[in-house]
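Have the sequence and the model open as you read.

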Amino acid sequence: VKKCVTAGFFYHAAKLQKNGSYRTVKNPQTVSIHPSSGLAKELPRWVVYHELVFTTKEYMRQVIEIKPEWLVEIAPHYYKRKEIDDGANAKMPVGKGKAGL
């Protein structure tokens, strides 16, 4: 199901940064998961979202965790491997990027 949602919203992908915020992949801007989301405390490394809402800052709403390799598999015309290189071995701050698929 998550892969199907990713196929529909592949252009709304974001990656977790070391400071706990997210960076959209194609049109880089800093965003956060909306505080009402169940994933707001989990902070998965990669997400797709349905919409951005601007209040005190830019928030992603309707967020799901994804595997970054799905982006290249689903939309090779839009994403290149180097854009989604996850750096899976890269260290993250304690408690960040630990949500499980």
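## R23 and its surroundings

Let's start with R23. Setting aside neighbours within four places in sequence, R23 is in contact with A13, A14, K15, Q17, P28, Q29 and T30. With T30 there is also a polar contact between the two side chains, at 2.9 Å. Keep in mind throughout that this is a predicted model.

R23 sits in strand β2. As for W46, 23 residues away along the chain, its C-alpha atom and that of R23 are 9.7 Å apart.

## T24, next on the list

T24 belongs to strand β2, which spans residues 22-24. T24 has a relative accessible area of 6%, so T24 is buried; the cut-off for that is under 20%.

What does the T24 side chain do with its polar atoms? One lies 2.6 Å from the backbone oxygen of N27, and a polar atom of that side chain is 3.0 Å from the backbone nitrogen of Q29. Beyond four places in sequence, the contacts of T24 are A13, A14, Q29, V31 and Y49. A13, A14 and Q29 turn up in the R23 list and in the T24 list.

## How the strands pair

A14 leads us to the strand pairing. Strand β1 (residues 13-16) runs antiparallel to strand β4 (residues 46-54), and 3 bridges join them. Within β4, V47 is the bridge partner of A14.

On to the next pairing: β4 also goes with strand β5 (residues 58-65), again in the antiparallel sense, over 7 bridges. What joins β4 to β5? A hairpin does, through 3 residues. Across this pairing, E51 stands opposite R61 in β5.

## The whole chain

Zooming out, the protein chain has 2 helices and 5 strands. Reading from the N terminus, the order is α-β-β-β-β-β-α.

How much of the chain is buried? Of its 101 residues, 38% count as buried. The accessible surface comes to about 6100 Å², and carbon and sulfur atoms account for 53% of that. As for contacts between residues at least 6 apart in sequence, 60% join residues at least 24 apart.

Notes:
Residues numbered from 1 in each chain as written. Predicted model: local features only at pLDDT ≥ 70, side-chain atom pairs only at ≥ 80, totals over all residues. Heavy atoms only, no water. Helix = DSSP H or I, 4+ residues; strand = E, 2+ residues; numbered from the N terminus. Buried < 20%, exposed > 50% of the residue type's maximum accessible area, 1.4 Å probe, protein only. Contact = heavy atoms within 4.5 Å. Areas by Shrake-Rupley, 256 points an atom, 1.4 Å probe, with all protein chains shown as cover. Pairing = 2+ DSSP bridges. Polar contact = N/O pair within 3.5 Å; in protein donor to acceptor, adjacent residues only side chain to side chain.
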